[in-house]
Amino acid sequence: MFEAENIRDWRGHAVVDSEGSRIGELESIYVDTSSDQPAFATVFVGLPTRRRLAFVPLDGATVGPGHVKVRVLKRQVKSAPSIDRDGELPAEEEAAVFAHYERPYQHGSGERRLARR
């Protein structure tokens, strides 16, 4: 479980992988709509002129001084589903985010599984 008193306070902080390599900067949190618990974060990755928001799972993430440490590797995040900086995750693409990280994906018909906070 991601432990932070106010998760919005962590926007702009570094996100590092399980080996301590910097992945990028935390942009938003997506909660699981069935539990209202943080499930994924979007992280700014890429070159300054070609930045995109990649999805990173938050299960098992920990907060350190000035950073959030996730349990996946940077190379896995680089190939993760992403959206443009101004983009939104379409409902039909949610399953791909879960599949990339080998997480189970179940949702009711017509319902979203992820909601941005």
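Tutor: Let us begin with the pairing of strands. Two strands are said to pair if DSSP finds at least two bridges between them. Please keep in mind that this is a predicted model.

Student: How many bridges join S2 to S3?

Tutor: Seven bridges join strand S2 to strand S3, and the two run antiparallel.

Student: In which sense do S3 and S4 pair?

Tutor: S3 and S4 pair in the antiparallel sense, over six bridges. Here Thr-42 has Phe-55 in S4 as its bridge partner.

Student: How many residues lie between the strands of each hairpin?

Tutor: The hairpin of S2 and S3 has four residues between its strands. In the hairpin of S3 and S4, six residues lie between the strands, and Gly-46 in the turn has a positive phi of about 100°.

Student: Where is Asp-36 placed, and what is its relative accessibility?

Tutor: Asp-36 is in the loop between strand S2 (22-32) and strand S3 (37-45). Its relative accessibility is 45%, so Asp-36 counts as partly exposed. Glu-102 also has a positive phi, of about 55°, although it is not a glycine.

Student: Is Glu-102 buried or exposed?

Tutor: Glu-102 is exposed, because its relative accessible area is 74%, and exposed means over 50%. This residue lies in the loop between helix H2 (94-100) and strand S8 (114-116).

Student: May we turn to the interior? What is the general idea there?

Tutor: In soluble globular proteins, nonpolar side chains tend to be buried together. In this model, the largest nonpolar core has 31 residues, of which Phe-40, Val-70 and Val-77 touch the most other members.

Student: Which elements give two or more residues to this core?

Tutor: Those elements are S2, S3, strand S4 (52-57), H2 and S8. S3 gives the most, with six residues. S3 is also mostly covered, since seven of its nine residues are buried.

Student: With which residues is Val-77 in contact, leaving aside its neighbours within four places in sequence?

Tutor: With those neighbours left aside, Val-77 is in contact with Ile-23, Val-45, Arg-52, Ala-54, Val-56, Val-72 and Tyr-101.

Student: How many salt bridges does the structure hold?

Tutor: The structure holds six salt bridges. To read one, we look for a side-chain nitrogen of Lys or Arg within 4 Å of a carboxyl oxygen of Asp or Glu. One of them joins the side chains of Glu-27 and Arg-11, at 3.7 Å from N to O. This pair links distant parts of the chain, 16 residues apart: Glu-27 is in strand S2, whereas Arg-11 is in the segment before strand S1 (14-16).

Student: Is Glu-27 buried or exposed?

Tutor: Glu-27 is buried, because its relative accessible area is 7%, whereas Arg-11 counts as partly exposed at 48% relative accessibility. Both residues belong to a network of salt bridges that links Arg-11, Glu-27 and Arg-116.

Student: What joins Asp-32 and Arg-113?

Tutor: The side chains of Asp-32 and Arg-113 meet in a salt bridge of 2.9 Å, N to O. Asp-32 lies in strand S2 and Arg-113 in the loop between H2 and S8, so the pair ties together parts that are 81 residues apart in sequence. Both Asp-32 and Arg-113 are buried; for Arg-113 the relative accessibility is 15%.

Student: Which residue forms a salt bridge with Glu-94?

Tutor: Glu-94 forms a salt bridge with Arg-112, and the closest N and O atoms are 3.3 Å apart. Glu-94 lies in helix H2 and Arg-112 in the loop between H2 and S8, so this pair ties together parts that are 18 residues apart in sequence. Glu-94 counts as buried, because its relative accessibility is 0%. Arg-112, with a relative accessible area of 30%, is partly exposed.

Technical notes. Residues are numbered from 1 along each chain as its sequence is written. This is a predicted model: local features need pLDDT of at least 70, side-chain atom pairs count only at pLDDT 80 or more; totals for chains, interfaces and linings use all residues. Side-chain values use heavy atoms; hydrogens and water are left out. Buried means under 20% relative accessible area, exposed over 50%, partly exposed in between (1.4 Å probe, protein chains only). A nonpolar core is a set of buried Ala, Val, Leu, Ile, Met, Phe, Trp, Tyr and Cys residues joined through side-chain atoms within 4.5 Å. Contact means heavy atoms within 4.5 Å.
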